[in-house]
Amino acid sequence: MNLAEQLPVLPVIIPLVAAPITLLLPQGRAPHLWATLISWLTFAASIALVRMVNDTGLISYHLGDWAPPLGIEYRIDLANALVLALVSGIASVVFAFAYRSVRVEVDPRQSTFFYCAMLICLTGLMGVTITGDAFNVFVFLEISSLSTYALIAMGANRDRRALTSSFNYLVMGTIGATFFVIGIGLLYQATGTLNMADLHDRLAGQSNRMVEAGFAFIVVGIGLKLAMFPLHLWLPNAYTYAPSAVSAFIAATATKVAVYVLIRFFYSVFGFDFAFVGHAFTYVLLPLGLAGMFIASLVALFQDDVKRMLAYSSVAQIGYMLLGLSFATVEGLTASLVHVLNHALMKGALFMAVACVVFRTGSHSLQAFAGLAKRMPVTTWAFILSGLSLIGVPLTVGFISKWYLLTAAFAAGHGYAAFLIVASSLIALVYIGRVAEMMLLREPPSEGPYAIPLKEAPLSMLIPMWVLVAANVYFGVRTDLTGDLATRAAEALMLAAGGAP
Amino acid sequence: MERAILRVTTKIFFAPIILYALYVQFHGDYGPGGGFQAGIIFAVAFILHAFCFGLDQTKKALPQRALIVAMVIGLLFYAGTGVATMLLGGNLLGYDVIVPGSTHHAGQHYGILLVEWGVGVTVASTMLTIFYHFTGREPDIDQEDW
């Protein structure tokens, strides 16, 4: 076996083969160690892949030696190599973090199933990102979604509402997937191909009702999956009642992968020749992105449950990504890609901090955070630092995102959008500030359910959490890493889409 | 002898159903059929058994734990074929390397046979697991337990 030749398929095949083996392991520590090891291997393969793409450019891998467009092709450029590294990186941190948290939150008899589902979810997300085949995207999207439904439902051990929120997500997610596959079907009917690059060539100059309807179905379908503002209703409950480790994993990865799919379809499949892309940017993504930024942030302000607050904040942050995307410039696309990466880092760290609080207090309501700085200082500062990153304070990744987004807004002639971005960041300051005030300034409760003696969270949770917090600062200072790669990815996407460089 | 006709019919039909499943399975590589259909038919034999003799008897013949192992083995059969072709120097699921130098792509024939076998085992055990869980479901949760 030539490792370099087979490298492109490894990030998908490693977790895929490992997932069923998890089921044969004994209950207890073994499934967790196995899943963590596999996530690290996957991460290593993804990093190797990023380096390879960086050196040699586009990689095309033919599954089963069938040449595209007939066979399934894995097509890796900088844009999806970055997302692959992000997803597997988050997985390697969250899987390592999960053990203690999962042991108290999930029924112990389900621990093998839990880690198996986590690995399948990872496989699905990696597959969606890596593939160059439109139908394959649907298959992997369903693989990741189905395992996510099961993972969210496992939160029922602590709160039965996890079952209804999982079912709600199942209904909405399935509608999304159905719309997506109807869209793919219409495109297939119009062109006779499913390969993305081939679709792009054959769609050039075609603009009829069937392609337009296909486009609309795909945008709405993916919009449901990525929780685009009015289609986000499944998200808050799903993130709130899922086991904390699952919330951290899917909040940092699932919606990001969906944003990537949207970018891929807009830029690599349809391109700017297709007039609807421009319309969708101007009349759909721009207003919905702006509306999401504000309305979801305002809703987040009034939540008494920290996990639900972070969930609404995620909807708002997706607004930023859609906004950057809708400028249809290299700067905007770069801002969007950078924010995909950075938001994963900050939301992952925030949800992990909440998971530590849940581990000790058993609750994620705002009251449980009172006086936490005195009782769990390490967790408190992790939350505050990643919260600052979410707001966009300099020296954190959040600042880099906002900076790229603001420059892009001015460059694209949407100066008003720049002011709105700053304004909605101020709302983020308020809702993170509420939690920070609760943790720093309030006295620990002397009576009530949270008046229990608390220790700091165990090291097995603190270390992975601080790795992610450190990444928030590191990538906030070393902007050349993510920024340059994202700029080059955006330029390549823009070139393929036929837009102005 | 209660329901004697049902019992005898089930016993007579059981083996031919499995034989038919195997026929569909091994016919599936170049003709209509294949692992998915075969797996369903295979599971149907056991579902018929459960209808007639009760779920407990079927679970004695084919315990839940065995089904999980079968699911895993089936999937690993499929994925393992892919990994094996990688180790032999081809791409994932590039069956031609199984019989190198074949003039009529014999490797494709063997490869699909192995993969379909994995599909069949997984589908049969998954169908039965779903059936076990639906029919063996505990009564509804008490309002108090919510």
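Which helix of chain B has the lowest mean confidence, and which the highest? Here are some notes to read alongside the model.

1. **Confidence in chain B.** This is a predicted model, and the answer to the opening question is that confidence in chain B is lowest in helix H3 (residues 55–61), at a mean of 90, and highest in H2(B), at 93. Over chain B as a whole the mean pLDDT is 87, with 93% of its residues at 70 or more. A word of caution for the remainder: where pLDDT is low, the predicted coordinates should not be read in detail.

2. **Confidence in the complex.** For the complex, the predictor reports an ipTM of 0.88 together with a pTM of 0.94.

3. **The make-up of chain B.** You will find five helices and zero strands in chain B, and along the sequence they give the pattern α-α-α-α-α. Chain B is more spread out than a compact globule, because its radius of gyration is 19 Å, well over the 15 Å that the globule rule gives for 146 residues. Its C-alpha trace spans about 60 × 45 × 20 Å along the principal axes.

4. **Burial and contacts within chain B.** Of the 146 residues in chain B, 34% are buried. If you take the contacts in chain B between residues at least 6 apart in sequence, 62% of them join residues at least 24 apart.

5. **How H2 and H5 of chain B pack.** Helix H2 (residues 35–53) and helix H5 (residues 106–135) of chain B are worth a look together. Their axes lie 7 Å apart and the packing angle is about 35°. The crossing of H2(B) past H5(B) is right-handed. On the H2(B) side, the residues that meet H5(B) include Gly35(B), Phe36(B), Phe42(B), Phe46(B) and Ile47(B). On the H5(B) side, those that meet H2(B) include Glu116(B), Trp117(B), Val123(B), Met127(B) and Phe131(B). By class, this contact has 15 nonpolar, five polar and one charged residues.

6. His105(B) sits in the loop between helix H4 (64–87) and H5 of chain B. His105(B) is not a glycine, yet its phi is positive, at about 55°. How many other C-beta atoms lie within 10 Å of His105(B)? There are 13, and His105(B) is therefore partly exposed, since that class falls between 12 or fewer for exposed and 20 or more for buried.

7. **Where chain A meets chain B.** The interface brings 16 residues of chain A into contact with 18 residues of chain B. On the chain A side, helix H2 (10–24) and strand E1 (59–62) each supply at least two residues. H2(A) gives the most to that side, with seven residues. Sorted by class, the side of chain A that touches chain B has eleven nonpolar, three polar and two charged residues.

8. **A cis peptide bond in chain A.** Please check the bond from Pro68(A) to Pro69(A): the peptide is cis, with omega near 5°. Pro69(A) belongs to the loop between E1 and strand E2 (73–76) of chain A.

9. **A positive phi in chain A.** Leu395(A) is a residue other than glycine with a positive phi, near 75°. Leu395(A) is found in the loop between helix H16 (377–391) and helix H17 (397–411) of chain A. Is Leu395(A) buried or partly exposed? With 13 C-beta neighbours inside 10 Å, Leu395(A) counts as partly exposed.

Methods: Residues are numbered from 1 along each chain as its sequence is written. Chains are lettered from A and ligands numbered from 1 in the order in which they are written. This is a predicted model: local features need pLDDT of at least 70, side-chain atom pairs count only at pLDDT 80 or more; totals for chains, interfaces and linings use all residues. Axes are lines fitted to C-alpha atoms, for helices over the stretch in contact, and angles run from 0 to 180 degrees between N-to-C directions. Helices (H or I, at least four residues) and strands (E, at least two) are DSSP runs, numbered from the N terminus. A crossing is left-handed if the near helix is turned anticlockwise from the far one by less than a right angle, and right-handed if clockwise. Two residues are in contact if their C-beta atoms, placed from the backbone, lie within 7 Å. Ala, Val, Leu, Ile, Met, Phe, Trp, Tyr, Cys and Pro count as nonpolar, Asp, Glu, Lys and Arg as charged, and the others, Gly among them, as polar. pLDDT is the predictor's confidence in each residue, from 0 to 100. The radius of gyration is taken over C-alpha atoms; the globule rule is 2.2 Å times the number of residues to the power 0.38.
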